[in-house]
Amino acid sequence: MDAIVYLEPDRIATLPDDADLLRAERRGTGVGDVVIDVAYTGICGTDLLVWHGGLTRVVPPVVLGHEFVGRIADPGGSGLPVGTPVAVEPLLSCGECWACRHDARHVCRRLRLIGVDVDGGAAARVRVPAGALHPLPRDADLRTFALTEPTAVAVHMVHRAALEPGQHVVVLGGGPIGALVALVATHRGAGSLTVSEPNDARRALLTGLGVHTVRPDELAEVVAARTGGEGADLTFDVTGHPSAIAVAPEITRVRGTILVGGLFHEPPAVPLQVVTLREQILVGARVYTSAHVDEAIALLAEGAVPAASLITHEVAIADAELGAYRMLDQDRSAMKILLRINP
Ligand SMILES: NC(=O)c1ccc[n+]([C@@H]2O[C@H](COP(=O)([O-])OP(=O)(O)OC[C@H]3O[C@@H](n4cnc5c(N)ncnc54)[C@H](O)[C@@H]3O)[C@@H](O)[C@H]2O)c1
Ligand SMILES: [Zn+2]
Ligand SMILES: [Zn+2]
């Protein structure tokens, strides 16, 4: 029953999740009355940020893992049969703030995440609330649906950006989120789509999926050529790097849209004078609505998002610290890394 536990800044450990150490200090093993046998848990930059103490609100010790799928071990109040395969929407909202009262609980002022603020799915078992469950088809290949959470992020971004069929789209950043935005936007009818990404391995993987990729230094010229000099209709920033969003206004057309999706660790410098003169629209996007989680599940089920091609590494939970977290921390050539728990 291993669990990946964040202990203090720069320190995670693989611990038996019934260790006395944890029982004594923890605020319980997650929240909610449904127990999930976790099959796969994806890792991403957010896990690395927690590990390095970059999210100051996080109170260790906490089990990591917000991207997970599994099977119901104890249905609690969910009414679902034992063994039902489920994806988990890891958002906990307060139910009282303006967002919660206006059908936008995913941007709750007091939003908390399973796997960040309370124990998550980088463990053999996790407790979650019934409302977090998204049942999957009985015969679901859980490895495929391990990408539900990041795919939902991409689906939500494409909705927030109000993509229209035929539009020229630029995606800044070809990490897992950029790759998923590119695939979802293509599926939703983007006319042309260009991903800008400096990492050779990530560009090669995307090129193999039929996505047009460029290096950041080629981007302006390619966008001009593809849009008759006008600029992109829609530009997604999914890098979190100030150097990427700094070019967004220049490569986006008059009255075009810039979707701001990356999480910046420092305030980026963006030439807002261009936004003014071109009457551009800046739109933020954070996580996803429940409906967008369901859309992500449908896209994975129909193969519109080819999960297997994006999963470049699968690591047993016992090897997670070195084989997954440290690996991704040192080299972002991997695309999606999954922890294999009870497949
Ligand atoms: N809004 C949300 O709810 C939400 C959800 C998940 C992730 N995110 C954020 O989205 C971003 C992407 O997530 P990810 O998991 O793919 O992260 P990632 O770090 O794996 O990918 C970012 C990519 O951007 C590339 N990049 C760096 N500088 C660039 C530049 N100048 N031009 C183009 N590309 C550049 C990097 O090489 C990397 O491949 C992160 O900032 C993450 O925190 C936001
Ligand atoms: Zn994530
Ligand atoms: Zn709220």
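The zinc ion (ligand 3) has Cys94 (SG), Cys97 (SG), Cys100 (SG) and Cys108 (SG) as its protein donors, at 2.3 to 2.4 Å. The model is a predicted one, and the exercises below refer to it.

**Exercise 1.** Determine the geometry of the site of the zinc ion (ligand 3) and describe how its donors are placed along the chain.

*Solution.* Step 1: the angles among the four donor atoms run from 103 to 119 degrees. Step 2: four donors count as tetrahedral if all angles lie between 85 and 135 degrees, so the site of the zinc ion (ligand 3) is tetrahedral. Step 3: along the chain the donors have the spacing C-x2-C-x2-C-x7-C. Step 4: Cys97 is in the loop between strand 7 (91-92) and helix 3 (98-101), and Cys108 is in the loop between helix 3 and strand 8 (112-113), so this pair ties together parts eleven residues apart in sequence.

**Exercise 2.** Are Cys97 and Cys108 buried or exposed?

*Solution.* Step 1: the cut-off for buried is under 20% relative accessible area. Step 2: Cys97 has 3% relative accessibility and therefore counts as buried. Step 3: Cys108, with a relative accessible area of 2%, is buried.

**Exercise 3.** Which protein donors hold the zinc ion (ligand 2), and where do Cys44 and His66 lie?

*Solution.* Step 2: their spacing along the chain is C-x21-H-E. Step 3: Cys44 sits in the loop between strand 3 (34-43) and helix 2 (45-51), whereas His66 sits in the loop between strand 4 (62-63) and strand 5 (67-74); the two are 22 residues apart and link distant parts of the chain. Step 4: both Cys44 and His66 are buried.

**Exercise 4.** Work out the strand order and the edges of the three-stranded open sheet.

*Solution.* Step 1: the order is 2-1-4, with antiparallel pairing. Step 2: strand 2 (11-16) and strand 4 each pair on one side only, which makes them the edge strands. Step 3: strand 1 (residues 2-8) is joined to strand 4 by two bridges. Step 4: Tyr6 has Val62 of strand 4 as its bridge partner.

**Exercise 5.** Describe the largest nonpolar core and the contacts of Phe236.

*Solution.* Step 1: the core has 104 residues, and Phe236 is among those with the most contacts inside it. Step 2: helix 6 (residues 176-187) gives the most to this core, seven residues. Step 3: at least three residues come from each of domain 1 (2-147 + 305-340) and domain 2 (152-284). Step 4: not counting residues up to four places away in sequence, Phe236 touches residues including Met157, Val181 and Leu259.

Note on methods. Residues are numbered from 1 along each chain as its sequence is written. Chains are lettered from A and ligands numbered from 1 in the order in which they are written. This is a predicted model: local features need pLDDT of at least 70, side-chain atom pairs count only at pLDDT 80 or more; totals for chains, interfaces and linings use all residues. Side-chain values use heavy atoms; hydrogens and water are left out. A nonpolar core is a set of buried Ala, Val, Leu, Ile, Met, Phe, Trp, Tyr and Cys residues joined through side-chain atoms within 4.5 Å. Buried means under 20% relative accessible area, exposed over 50%, partly exposed in between (1.4 Å probe, protein chains only). Helices (H or I, at least four residues) and strands (E, at least two) are DSSP runs, numbered from the N terminus. Domain bounds come from an automatic or database domain assignment. Contact means heavy atoms within 4.5 Å. Donors are N, O and S atoms within 2.8 Å of the metal (3.2 Å for Na, K and Ca); water is not among the atoms, so sites may look incomplete. Two strands pair if DSSP finds at least two bridges between them. Four donors count as tetrahedral if all angles lie between 85 and 135 degrees; four count as square planar and six as octahedral if opposite donors are over 155 degrees apart and all others between 65 and 115; anything else is irregular.
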